[in-house]
Amino acid sequence: MKKTNFYSIPTLRGEEAKRFIEFDSLKPTTEELENQEEAKQRYLQRCEVARKASS
Amino acid sequence: MEDTSEFNPKVLTFPKISDTFDPNSIDCTDDDNTDAQDLQDYLCNHALSDQEQNMSATYLASYENKILGYCTVVISSLAFKKYPLGKPSTRDEITNYPVLLIANLATDKKNRKIKGIGSEMLRHCVGMGALLSDIVGCRYVMLYATKAEKFYSEKNKTEYKFFVAREENDGRKLMLYRIHNKIERHLSETLDISDSVSAVVKKGNANQPKPDAEKTSWFFRTIRRIFRI
């Protein structure tokens, strides 16, 4: 991705927006929620390890 | 890294880029040595200065004191037309959602045979997005995929399945991963309960007094006003 595209905001319209709105309203599965929670916990663990290493 | 069989992604750490890191120590160009996505160029020429100006943050994937790749993240936004098929009013025509943009995610060419580096970097970014959603609000993790679209969209490649929102003219695909908050989690757990429990809940609800919607409806209010009751 080129650096110039970092700060441009994409806008979804028409059929893209319709598909997006449908996707946005989907309920997550238990597995997806567990994976997301695991990602967050692992991120927090790494933060804690880094904090201890720096102190 | 010599032995790839013992790679444990959990041991990866993600320090931020600093001036002690030599960006030329890793090679993030494509397998044909081109840098079509400017991944190596960004690492060598912009990553540190952008970070110092709070324009982005670059994290190095470090394993046993070796750098295996990097990822750059930026706070961004996604806009969409709320009523794609109609136009109820001009005021709420465009809606914006807060997102965490994975601007770059690249693996060192020498270590691409090791499975799990990219997935772990992605997990790191999703974890960051999930945490951000608790702190400041973040609804999606967003990225633009070029050659690695399948990596993000196929569930067997990564635990985090991305949705292809659109394809750009240059072939890049705008991809989104939804962050869910705790309220939705609670609702989901409620929906997942067994049928017997659902039946009990329904029965319990049936015994509950109905909301006083009728009493406050326009019709009854008007009747009361006319007859002064």
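Two residues are in contact if their C-beta atoms, placed from the backbone, lie within 7 Å. On that basis, the contact between the chains takes 28 residues from chain A and 38 residues from chain B. The model is predicted.

**Chain A side of the interface**

- Strand 1 (11-12), helix 1 (14-24) and helix 2 (30-54) of chain A are the elements that give two or more residues to the side touching chain B.
- Helix 2 of chain A gives the most to this side, with eleven residues.
- By class, the side of chain A that touches chain B consists of 14 nonpolar, five polar and nine charged residues.

**Helix 2 of chain A against helix 3 of chain B**

- The axes of helix 2 of chain A and helix 3 (residues 117-135) of chain B come within 7 Å, crossing at roughly 95 degrees.
- Angles of 65 to 115 degrees count as roughly perpendicular, so helix 2 of chain A is roughly perpendicular to helix 3 of chain B.
- From helix 2 of chain A, the residues making this contact are A:Gln36, A:Ala39, A:Lys40, A:Arg42, A:Tyr43 and A:Leu44.
- From helix 3 of chain B, the contact is made by B:Arg123, B:His124, B:Val126, B:Gly127, B:Met128, B:Ala130 and B:Leu131.
- Sorted by class, the contact of these two helices has seven nonpolar, three polar and three charged residues.

**Strand pairing**

- Strand 1 of chain A runs parallel to strand 2 (residues 66-81) of chain B, and two bridges join them.
- A:Leu12 has B:Phe80, in strand 2 of chain B, as its bridge partner.
- Within chain B, strand 1 (residues 57-63) and strand 2 run antiparallel and are joined by seven bridges.
- B:Leu60 is placed opposite B:Tyr70 of strand 2 of chain B.
- The hairpin of strand 1 and strand 2 of chain B has two residues between the strands, and B:Glu64 takes a positive phi near 50 degrees there.
- Strand 2 of chain B also pairs with strand 3 (residues 94-107) of chain B, in the antiparallel sense, over 13 bridges.
- B:Ser77 lies opposite B:Pro98, a residue of strand 3 of chain B.

**Nonpolar core**

- The largest nonpolar core has 54 residues, and those with the most contacts inside it are B:Leu100, B:Ile102, B:Cys125 and B:Val141.
- Helix 3 of chain B supplies the largest share of this core, eight residues.
- Apart from residues up to four places away in sequence, B:Ile102 touches B:Cys71, B:Val73, B:Cys125, B:Val141 and B:Leu143.

**B:Thr13**

- B:Thr13 is located in the segment before helix 1 (39-45) of chain B.
- Beyond its neighbours within four places in sequence, B:Thr13 is in contact with A:Arg46, A:Ala50 and B:Ser62.
- B:Thr13 and B:Tyr144 are 131 residues apart along the chain, and their C-alpha atoms are separated by 24 Å.

How values were computed: Residues are numbered from 1 along each chain as its sequence is written. Chains are lettered from A and ligands numbered from 1 in the order in which they are written. This is a predicted model: local features need pLDDT of at least 70, side-chain atom pairs count only at pLDDT 80 or more; totals for chains, interfaces and linings use all residues. Helices (H or I, at least four residues) and strands (E, at least two) are DSSP runs, numbered from the N terminus. Ala, Val, Leu, Ile, Met, Phe, Trp, Tyr, Cys and Pro count as nonpolar, Asp, Glu, Lys and Arg as charged, and the others, Gly among them, as polar. Two strands pair if DSSP finds at least two bridges between them. Axes are lines fitted to C-alpha atoms, for helices over the stretch in contact, and angles run from 0 to 180 degrees between N-to-C directions. Angles under 35 degrees count as roughly parallel, over 145 as roughly antiparallel, 65 to 115 as roughly perpendicular and the rest as oblique. A nonpolar core is a set of buried Ala, Val, Leu, Ile, Met, Phe, Trp, Tyr and Cys residues joined through C-beta atoms within 7 Å. A residue is buried if 20 or more other C-beta atoms lie within 10 Å of its own, exposed if 12 or fewer, and partly exposed in between; C-beta atoms are placed from the backbone.
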